[in-house]
Amino acid sequence: MPSLPSARFRPMDKRIIATSFGFIDETGFGGKAETHTWNKAAGDLRQNLRWRMVSQIPHERFGRLDLLSKYVTVAVEMLGLPFLHQEEIRLDTAVVMGTTFGCHGADLDFYQGIQRGEAASPTLFAYTLPSIAVGEVAIRHRLGGPSYCFMVGAESGLLALWEGIKLLQEENLT
C-alpha cells in the first residue's frame with residue numbers, strides 16, 4: 001500500500017477554504033445547496049440515474065458515459081459552477097480525482113463484449129481509462145488547468161486531496 005508523501009509538502013503559507021462540495025453515493029447526491037436522497041424503492045441508482053434528476057442544464061453526452069464518468073460528472077455538477085460562454089475557459093481551475101476501482105465496470109463490459117465475439121467497441125474503449133472521467137468534466141465545465149487521476153487503491157481519495165492541496169500551494173489555481 002502506498003504511503004502519502006507528506007514530507008515533501010511545505011508548511012501552508014495561505015489558508016485554503018473549501019467553499020463548495022459535491023458528492024454521489026448509493027444514498028443519493030448533493031452539494032453545498034441541496035441534497036437528493038435516493039429512494040431505494042426506485043431501484044438501483046447505478047441503473048436509474050438520469051441527468052434530468054441532477055440539472056436543468058442539458059448534458060447530451062450523459063447517457064453515453066460509463067458509470068464512473070456519470071458519478072464524477074454529477075458530483076462536479078453539484079458544485080454549482082457557473083457555465084462559461086463557448087469562447088471562455090477556466091485556466092486557473094484544476095481537476096484532481098482519486099478512485100479506488102477506476103473504470104473497472106467499463107473494463108469488464110469491454111472484455112465481456114470481446115469474449116462474446118463482438119468487435120471491440122471504440123466508444124466503450126475510451127471509458128477503459130479512469131482519467132476519461134476527468135476529461136469529461138473538463139470539457140463540460142471548460143476547465144483548462146492541470147488535471148490528475150490517481151488510482152492507487154484505498155488511499156486514492158486521500159492522495160488526490162493531498163495533491164490538490166499541493167497544487168493550491170504551488171500554483172495560482174482554484
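Reply: E118 is partly exposed, with a relative accessible area of 42%, in what is a predicted model. Its side chain meets that of R116 in a salt bridge, with N and O 2.9 Å apart. R116 counts as exposed, at 55% relative accessibility. Side chains of opposite charge can pair when their charged atoms come close.

Helix α3 itself covers residues 104-115. For its 12 residues, 1.5 Å a residue should give a span of 16 Å, and the end C-alpha atoms are 16 Å apart, which agrees. The buried residues in α3 are A106, F110 and G113. Down the axis of α3, these buried residues fall within an arc of 60 degrees, so they line one face of the helix. An α-helix has 3.6 residues a turn, so residues three or four places apart point the same way. The buried residues of α3 pack against α4 (122-126).

A search of the whole structure finds four of them. In one, the side chains of E136 and R61 meet, at 2.6 Å from N to O. E136 lies in helix α5 and R61 in the loop between α1 and α2, so this pair ties together parts that are 75 residues apart in sequence. E136 is buried, at a relative accessible area of 7%, while R61 counts as partly exposed at 35%.

Another salt bridge joins E77 and R140, whose closest N and O atoms are 3.1 Å apart. This pair also links distant parts of the chain, as E77 is in helix α2 and R140 in helix α5, 63 residues apart. E77 counts as buried at 11% relative accessibility, and R140 is buried too, with 13%.

Of its 11 residues, 10 are buried, so α2 is largely enclosed by the rest of the structure. The cover over its buried residues includes β1 (22-25), β2 (28-31), α1 (45-48), β4 (95-98) and α5 (132-141). S69 lies in this helix and is buried, with a relative accessible area of 1%. Leaving out residues up to four places away in sequence, S69 touches Y127, I132, A133 and E136.

Definitions and conventions:
Residues are numbered from 1 along each chain as its sequence is written. This is a predicted model: local features need pLDDT of at least 70, side-chain atom pairs count only at pLDDT 80 or more; totals for chains, interfaces and linings use all residues. Side-chain values use heavy atoms; hydrogens and water are left out. Helices (H or I, at least four residues) and strands (E, at least two) are DSSP runs, numbered from the N terminus. Buried means under 20% relative accessible area, exposed over 50%, partly exposed in between (1.4 Å probe, protein chains only). Contact means heavy atoms within 4.5 Å. The expected span of a helix is 1.5 Å times one less than its number of residues. The arc is that of the directions from the helix axis to the C-beta atoms. A salt bridge is a side-chain nitrogen of Lys or Arg within 4 Å of a carboxyl oxygen of Asp or Glu.
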